[in-house]
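Try each task before reading its solution.

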Amino acid sequence: MKQLLAYLKNYKKECVFAPLFKMLEAIFELLVPLVMAAVIDKGIANHDIPYIVKMCLVMVFLGIIGLISSVTAQYFAAKAATGFGTGVRHALFSHIQRLSFTNLDKAGTATLITRMTSDVNQAQNGVNMVLRLFLRSPFIVFGAMIMAFTIDVRSAMVFVITIPLLSIVVFGVMYVSIPLYKKVQNRLDSVTLSTRENLTGVRVIRAFHLEEEEKEKYQEKNQELTKMQMFVGKISGLMNPVTYVIINGATAYLIYVGALQVDTGVITQGEVVALVNYMSQILVELIKLANLIVTVTKAIACCNRIESILEIPEGERELKREVREELPQEADEMVVFSHVGLTYENAGAESLTDITFSAKKGETIGIIGGTGSGKTSLVHLIPGFYPHTAGSIRIDGKQIESYSSEELRDMVGIVMQKAVLFAGSIRKNLCWGKTDATEEELTEALRIAQAYEVVEKKEGKLEAEVAQGGKNFSGGQKQRLTIARALVKKPKILILDDSASALDYATDAALRRAIAGMKEQPTVFIVSQRASSIQYADKILVLDDGELAGIGTHKELLQTCGVYQEIYYSQFPEKKQKGAE
Ligand SMILES: Nc1ncnc2c1ncn2[C@@H]1O[C@H](COP(=O)(O)OP(=O)(O)OP(=O)(O)O)[C@@H](O)[C@H]1O
């Protein structure tokens, strides 16, 4: 909580002025019943019309000043709260950008989105309410009581009994309902999560005709939320009848005591009306105070949830080990893995075990293996997305730990398994690789990635709009554009993680030829399930259950590696028959 309060630092003035103006409004509100009393006692009693008009004008004046104070307070409170919300959102966003992949996996995307959106909004709402009400409501409650005492001590004793009684009811209901609100919030989170999952997977749901099942599941969750909300609502609903019974009883008694006092000439009729007004003001403020406490409790819970994300240590890469002594390496080696192992956090077993190979500058390395064999895990170690947990990795002659994240990302261009484009123009998407890329550089990257025709056919060409998530492009077009994006920055190492899977065989082959013909040949890692995509690589790594089952050229592996033979002949059965003949 304390950590987040720092985001109000730039709004000190607003944090002082908002409650102050609310207090000013409260003072004017406390004066109104006195003016009303004067109208009754002097104006109406003496049939003094000019006096009544004068006092009504005073009331209008007090109303206007009160309104101006309230609007000003609202302005300052809103400014501080939105500033606070913006600051927290920005800090969270920057923090998340700097989290390691391991920590991003741990937190989960859906949770992070909730923290960034509804939690920040609730916290912002809490700040706004606190600034406006934390002084005003107690001030009116006590102010109204003091005003009552200045009118008549005997009548004011009704207040001394009523206020604690009202407080017990209001705060008692709150005491019961606050834990229930937390349950409501959890169920709301579950509905939000389900909504997000369904909306993002709407096509899959339709493809499998699961609309009805999903509707039912959603309805179930929604009903659980409704039930909980109704239950809390009923408890909170008790507050109004009980408080009104107390307040009306107190008012009746006040009028009775007041009437006796009027009879004996201690107070006037107007003052009795003022006392009744003060009683209603107190009730309204106690209810506001209760709402304030509910909102603040929710806001504090949200702030704690936000802080738990901010407390995750930053650092895109966790460097678990010291940078070790440089080992001798051949000058033309670009990537060297030496007995590398990887165990993901919270995963029991190793995902990669004892991986040793080297890739020379300009070489093409093919990586093949069954699903879950560790292909993606292996290539994710090169840009340092995850820290390897055994062995050593050297890149361009230096231990991977000695590079900063930026240096590594500058060297490595990676095209992920899932082609992701962002809303904006094609040019904007391509320039992610290099912000100041020239027209020639973009064209060259597009030509190599076999994406030039894709862009040429689009209206507006490079300026053509990419819809959110790249929905207006086919799977293969998206893949080509993401390859072009990685090529624009001319990386020393290019990783294509199953990124040509949606390309037809001819385009796939043309892409490989174009990469091989590049002026500054990068070291290329091609991950693929297709033997045809990697069979011309200089070296092929065959992975099986996280271990290296074979390493060599296509020809060598066909003779020596059982796993490779199995994959290859399952895709080209005719070759097996030929070999057997
Ligand atoms: N972020 C992660 N956290 C924990 N375990 C992971 C993570 N990513 C992958 N794994 C595990 O590591 C193993 C290897 O997964 P990996 O994605 O590297 O396989 P793959 O060969 O690329 O599979 P595919 O061809 O299906 O993409 C799997 O058992 C997987 O469950």
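**Exercise 1: The annotated span and the domains**

The unreviewed UniProt entry lists residues 16–298 as "domain: ABC transmembrane type-1". Keep in mind that the model you are looking at is predicted.

Solution: 
- Now turn to the domain division, which gives domain 1 (85–310) and domain 2 (333–580).

**Exercise 2: A pair of helices**

Task: Describe how helix α3 (residues 49–97) and helix α5 (residues 109–133) run relative to one another.

Solution: 
- Start with the axes of α3 and α5, which come within 8 Å and cross at roughly 155°.
- Angles over 145 degrees count as roughly antiparallel, so α3 is roughly antiparallel to α5.
- As for handedness, α3 passes α5 in a right-handed crossing.
- Sorted by class, the residues in the contact of α3 with α5 are 16 nonpolar, 6 polar and 3 charged.

**Exercise 3: Around the ligand**

Task: Find which helix gives the largest share of the shell around the ligand, and classify the shell residues.

Solution: 
- List the residues around the ligand; among them are D105, Y344, G372, K375, T376 and S377.
- Helix α11 (residues 375–381) supplies the largest share of this shell, with 3 residues.
- By class, the shell has 8 polar, 2 nonpolar and 2 charged residues.

Methods
Residues numbered from 1 in each chain as written. Predicted model: local features only at pLDDT ≥ 70, side-chain atom pairs only at ≥ 80, totals over all residues. Domains from an automatic or database assignment. UniProt positions renumbered as here; feature names shortened; annotations may be inferred. Axes fitted to C-alpha atoms, helices over the stretch in contact; angles between N-to-C directions. Helix = DSSP H or I, 4+ residues; strand = E, 2+ residues; numbered from the N terminus. Parallel < 35°, antiparallel > 145°, perpendicular 65-115°, else oblique. Left-handed = near helix turned anticlockwise from the far one by under 90°. Nonpolar A, V, L, I, M, F, W, Y, C, P; charged D, E, K, R; others polar. Near = placed C-beta within 6 Å.
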